[in-house]
Amino acid sequence: MASTSSSQRPSSSFSSNSNSKWRYDVFVSFRGEDTRNSFTDHLYSALDGGNIKTFQDDEELPRGEEISPQLLKAIEESRIAIIVFSKTYAHSKWCLNELVKIMECQKEKGQKVFPIFYHVEATEVRNQTGIYGEAFKNHQTNADEEKKNKIEEWKAALRNAGELSGFPLKDRSESKFIEEIIDEIRMLIPKFLHVGENIVGMDEILKQVKLLIDTKSNEVSMVGIYGIGGIGKTTIAKVIYNDILDQFKHYSFIENVRERSKDDHDCPRQLKFLARGSEWFGRGSIIIVTTRNKRYLDVHKTYSSYEAKGLAHNKALELFSWNAFQQPHPKDNYVNLCNRVLRYAKGLPLALQVLGSFLFQRDEDEWESTLHRLKTIPLDDIQKVLRMSYDGLDDKCKKLFLHIACFFKDCKEKIVTRILEGCRFHPKIELKVLDERYLISISHGIIRMHDLLQEMGWAIVREKSPDNLDEWSRLWEYEDIKSILTKNQGTKNIEGIFLNETIAEPIQLPAEAFKKMNRLRLLKVGYNMVQLSQDFELPCRELTYLDWNKYSLESMPSYFHADKLVELHLQFSHIRHLWEGNMHAGMLKILNLTHSKQLVDISSISSAPNLEFLILEGCIRLKSLPKNLHNFP
């Protein structure tokens, strides 16, 4: 969370770059022949040692009465001006012209000015007496009207500077005197947040976020930045914070709120406690929060919202290249490999940075090996960040997320909702929760999920027993499914199996392949993907959704239970009739027998009183329908 506040915000809009107003922390104005090789040299060294960026002019720079444009620009771009008033400072027209410019910047740009009275008294400077009075007698000799006007400017500048609170040396040790100056200067330099090197694509983001901040009024502005983990929300907040820091007297940046509170990162209590509403803050304050859950911003209507999105291809390539090659573009022989990485990362900045750093200075074979490995073993640094949103879910939403990752990515929301309702989920609200936390997105009726989030879901299923497939709750890969089924290794842990269409060889199923899977709820078998024996059994009492394309037997197997079945899809099957006897199917809502050309009898659907959809397209041998069909819903 970033927060900045002041009694009054400047009316002018802030810059798009945090360094555009102040390029330097300090500009030092001094008389070279007095202090260049002594006090000022030591001051420069101390400023540099204190990591204070200081403009240092070239001692070979030609000196005259007029200040060079280069020096004028340096004065304008310095946050703080230190003026070393030494004994002959006022003798130099150059120094006096510098002083006039500095006092202008104090008035017009808010530059901080600190005079150092080095072996001179403040009254001498302020009133031009003593050695400073002697200097002005020399300036006034033979002065024309233009010169007299200039002298008045110098006097006014000296008078104003002499009235400022400064640092008188007197009889103190110069080293301790310089330490005192450095301590005071350091307190005035804002503590900018580190945002890393080679930040890409930030200029346009800054422009968009600034449109949400009201810089023309003196009201409180509250902005929420939301999006998936690793998308760059904190980086955006830090860049904005650095960009506007100069405008405020008081500021703070509270990071890692989730870890500090030992609670869910997106808990609404945290937002309520830290930044409930605009009335909590002083006029002109700007409050910026980041969250993975857009709902908490919607609830607190005082917030304007900005969605952090993935990088476009060219920006993603640039960011990745900086990390992988230390340059803004890939090496020629790595272009195709880079494009494969970009397809994997899908614009997620965290993934681009982590992968780029991992692949830095590795050869092409190592890149190939890494890309192959990522298919089953994601990088921990990426997964840890993405998992925070998952860990904040309740158990039901966690299960739903894993179902989508393993089975329902890129499926129609309407169909998935229907299936999940049959599995005793509440998908209308639970899908909304996942969407608000950016674990899924729903676009044009389709459930989408970032590939890295899907891989995280797969990793969660595997993590307890990576090498023991029978401990997994879901199976979706051909080789894993084949291993479990052909070896009769299925257990009660397995809740879902989706064997989708593939060019792989059909699996020869043993009769008892499903015998121990008494918690299996979701089963999908792609077209012609298995071969069955006549004594095949499917004794899964919890089965809710069954989709078996080109089912090869003439009826459902013995020991088949339809008690909890909600959807049954047997397209292109060899089935002649559904099942023997009067099997209860009181929860069955959809029966799809499309192109089951051997089907001759469906009288058994009389045991399915809640049937809503009966699809018989292409069932060319079916001669009649049950007489009680009109009694169905």
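**Views of a predicted model**

**View 1. An open parallel sheet of seven strands.** In this predicted model, seven strands line up as β13-β14-β16-β18-β19-β20-β21. The sheet is open, and its pairing is parallel. Two strands form its edges: β13, residues 474-475, and β21, residues 613-615. Each edge strand pairs on one side only. In general, strands of a sheet pair through backbone hydrogen bonds, in parallel or antiparallel fashion.

View 2. Strand β14 covers residues 496-499. Two bridges link β13 to β14, and the two strands run parallel. Arg474 has Gly496 of β14 as its bridge partner.

**View 3. The whole fold and its extent.** The protein contains 23 helices and 21 strands. Its radius of gyration is 37 Å, whereas the globule rule gives 26 Å for 633 residues; the protein is therefore more spread out than a compact globule. The C-alpha trace spans about 125 × 55 × 40 Å along its principal axes.

**View 4. Burial and contacts.** Of the 633 residues, 51% count as buried. Take the contacts between residues at least 6 apart in sequence: 64% of them join residues at least 24 apart.

**View 5. Surface and charge.** The protein exposes about 31400 Å². Carbon and sulfur atoms supply 46% of that area. There are 87 positive and 88 negative charges. The mean positions of these two sets lie 6 Å apart.

How values were computed. Residues numbered from 1 in each chain as written. Predicted model: local features only at pLDDT ≥ 70, side-chain atom pairs only at ≥ 80, totals over all residues. Heavy atoms only, no water. Helix = DSSP H or I, 4+ residues; strand = E, 2+ residues; numbered from the N terminus. Rg over C-alpha atoms; globule rule 2.2 N^0.38 Å. Buried < 20%, exposed > 50% of the residue type's maximum accessible area, 1.4 Å probe, protein only. Contact = heavy atoms within 4.5 Å. Areas by Shrake-Rupley, 256 points an atom, 1.4 Å probe, with all protein chains shown as cover. Lys, Arg positive; Asp, Glu negative; His and termini not counted. Charge placed at Lys NZ, Arg CZ, Asp CG, Glu CD. Pairing = 2+ DSSP bridges.
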